[in-house]
Structures are given as structure tokens and as C-alpha cells.
Amino acid sequence: MTDTVAVYFINEGYLLPAMVSAIQARSHTPRELLDVMIVCAGNPTDNGRKAVAFAAKKGVEIVYVPVGVLENKSATYGRLIVHKVLPETYQRIIYIDGDTQVMGSLEPLVTAPLAPGKFMAARDPAQLFSQLSPKWHSTIEANYRKGGYS
């Protein structure tokens, strides 16, 4: 276990794309730099249990947490509370959306200087799409509110 984790927070409906991304992250980044973990809200199905075994062979850990940690919000809210369900040994958490393709090493994110108590973030591309039409804007804003963002 390292002190850095690349983590995904999903429900089981997003397990396949999150696994693809997590396996990409694992394959492009040295194991001694970070762990790769998928946190899944809910109880594992048979397919979920098979995914846990498959992912482990690829160097990715899948852990299931009670859906109650989401406080009656969507799985999108998980990115805001993922630190509550991770082991305290992690000093740096790199959150990755489950539908992100990882095409290179995460080493620059692992080694970038970061002051204690601070974080880095990238703009969600959905915000760019929201500028294209009022309908998209209202839909995206509604999804953010549903996810626990204000």
C-alpha cells in the first residue's frame, strides 16, 4: 500500500467503464507510486464479485461500501465523500470519473507539489457543453444539484 490512491466512486452500473479506466491507470503508472481502487456503493452482485477477482489480477482493488454513505444522493456525490471511506493511510487522493480514459501515466499528478490542505481540480467538460444551449445548461445544473453540488 502506498500513501497515494487513484480512486473511482461508482455504483455497479458504472463498473465496466470504471474498470477499463482503472486498468488503464494501473498499466500506465508504476505500482510503487500509487494504488488504484474502485469504490462501489451497494452490495455486490455475482458479476460484481467476478469483477473484484478479475480486477485484483490487474492490480486494481474493488471495494463495496453501504449505499447509505451517499446520504440519499446519487453516486456522483461519492467524489465528495470518498475520503471518508478510504483508509487513513492515503495522504493524496486522485479522484477519476468512471468514464475517463487514462492514456498516460498519472505520475505527474502523484509528484506535483501540493501544499497541505489544498487540492487540484480540472473542470468537468459538461460545464463547457452547458454553454452551448440553455436546455443543456439547465439539465446539467439539475444533475449537479441532484449529485449534492450547489
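**Reading a sheet and its helices**

Student: How many bridges pair β1 and β2, and in which sense?

Tutor: Strands of a sheet pair through backbone hydrogen bonds, either parallel or antiparallel. Here β1 and β2 are joined in the parallel sense by 7 bridges. For two strands to count as a pair, DSSP must find at least two bridges between them. The strands themselves are DSSP runs of E with at least two residues, helices are runs of H or I with at least four, and both are numbered from the N terminus. One spot to look at is Val5, which sits opposite Asp35 in β2.

Student: And what am I looking at overall?

Tutor: It's a predicted model, so local features need pLDDT of at least 70 and side-chain atom pairs count only at pLDDT 80 or more, while totals for chains, interfaces and linings use all residues. Residues are numbered from 1 along each chain as its sequence is written, and side-chain values use heavy atoms, leaving out hydrogens and water.

Student: What is the order of the strands in the sheet?

Tutor: The open sheet has 4 strands, ordered β3-β2-β1-β4, and the pairing is parallel. β3 and β4 (92-95) are the edge strands, each pairing on one side only. On the β4 side, 4 bridges link β1 and β4, and Val5 stands opposite Ile93 in β4. Over at β3, strand β2 (residues 35-41) is joined by 5 bridges, with Glu61 as the bridge partner of Met37.

Student: Is β1 largely enclosed or open?

Tutor: Buried means under 20% relative accessible area, exposed over 50%, and partly exposed in between (1.4 Å probe, protein chains only). In β1, 7 of the 8 residues are buried, so the strand is largely enclosed by the rest of the structure.

Student: Which residues of α2 are buried?

Tutor: Gly48, Ala51 and Ala55. They lie on the same side of α2, because their arc around the axis is only 55 degrees, taken from the directions from the helix axis to the C-beta atoms. The general idea is that an α-helix has 3.6 residues a turn, so residues three or four places apart point the same way. The face turned away from that buried side holds the exposed residues Asp46, Lys50, Ala56 and Lys57.

Student: What do the buried residues of α2 pack against?

Tutor: Their partners are α1 (15-28) and β3 (61-65), where contact means heavy atoms within 4.5 Å.
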